[in-house]
Amino acid sequence: MELKGNKHAVVVIDMLNDFISEGGALRVENNEKIVPKIREMIDFSHENDIQVVFIQEAHRKNDADFKVRPVHAIKGTWGAEFIPELQPDEDKGDYIVQKRRHSAFAHTDFDLFLREEGIDTVVLTGNWTNVCVRSTASDALYYTYNVVCLSDATASKTDEMHKAGLVDMGLFGQVMTTDEYKKGVKQKFSQKQSN
């Protein structure tokens, strides 16, 4: 599968204590399974000069989001912190975007950052495939970015929810595994060098 776009950003969505760690307010066991794949993608990105963007849900105490979901990821609390295995490395250029809604684009500087960096493709990883990942993917399309979703670096509460999110994203982006993505990057890189 040939990758679209010229400059990519690997996006790590909401890999926070409240979603992954024991005692997290919205902990989903499936999320633990994707931690090694996301770590692999972060390391691969750093080695191949691909931008990494960490998305951090960071709500205010009385956020309107809590009218429909339990209180979680309050800014400045343990629940809103990134899990120990997936910490941003600002020395390597990782960027953090804080959000209060499902989509990383909703009322944040995510789009501005991507445009400033000349990025045309977002590569999505993280949790709640059918909610935050899918919302970010659909907004990315509205903002005219190419969308890639990594099927084995995303997860949701149930496998059915995960698969439904992937089906939706397959309508407006590319869905592939981390290995397929890395292979595509290497092919693209070798083509550029031979030209």
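Start by selecting Ala-9 and Val-122: Ala-9 stands opposite Val-122 in strand β4. Strands here are DSSP runs of E of at least two residues, and helices are DSSP runs of H or I of at least four, numbered from the N terminus. You are looking at a predicted model, in which local features need pLDDT of at least 70, side-chain atom pairs count only at pLDDT 80 or more, and totals for chains, interfaces and linings use all residues. Residues are numbered from 1 along each chain as its sequence is written, and side-chain values use heavy atoms, with hydrogens and water left out.

**The two strands around that pair**

Now widen the selection to β1 (residues 8–13) and β4 (residues 121–127), which pair in the parallel sense over six bridges; two strands pair if DSSP finds at least two bridges between them. Further along, Val-12 has Thr-125 of β4 as its bridge partner.

How many of the residues of β1 are buried? Six of the six are, so this strand is largely enclosed by the rest of the structure. (Buried means under 20% relative accessible area, exposed over 50%, and partly exposed in between, with a 1.4 Å probe and protein chains only.) Show the side chains next. In a regular strand they alternate between the two faces of the sheet. From β1, His-8, Val-10 and Val-12 point one way, while Ala-9, Val-11 and Ile-13 point the other way.

Strand β4 is mostly covered too, with seven of its seven residues buried. Thr-121, Val-123, Thr-125 and Asn-127 point to one side of β4, and Val-122, Leu-124 and Gly-126 to the other.

**Out across the sheet**

Zoom out to see an open sheet of six strands, paired in parallel in the order β3-β2-β1-β4-β5-β6. At the edges, β3 (95–99) and β6 (174–176) each pair on one side only. Neighbouring strands are turned by 25° against each other on average, direction ignored; axes are lines fitted to C-alpha atoms, for helices over the stretch in contact, and angles run from 0 to 180 degrees between N-to-C directions.

Select helix α2 (residues 30–47) next. This helix packs on the sheet, touching β1, β2 (51–57), β4 and β5 (146–155), and its direction makes about 130° with that of β5. Contact means heavy atoms within 4.5 Å. Then find helix α5 (residues 159–170), which lies across β5 and β6 and runs at about 165° to β5.

Back at β4, six bridges join this strand to β5, and the two run parallel. Gly-126 has Thr-154 as its bridge partner in β5. Follow the chain from β4 through helix α4 (residues 129–142) to β5: this β-α-β crossover is right-handed. With the strands pointing away from you, the path from the first strand over the helix to the second runs clockwise.

**A stop in β2**

Within β2, select Gln-56. Is Gln-56 buried or exposed? Gln-56 is buried, because its relative accessible area is 12%.

Which side chain makes a polar contact with that of Gln-56? The side chain of Gln-98 does, at 3.0 Å. A polar contact is a pair of N or O atoms within 3.5 Å; within protein, one must be able to donate a hydrogen and the other to accept it, and residues adjacent in sequence count only if both atoms are side-chain atoms. The backbone oxygen of Ala-80 also lies 2.8 Å from a polar atom of the Gln-56 side chain.
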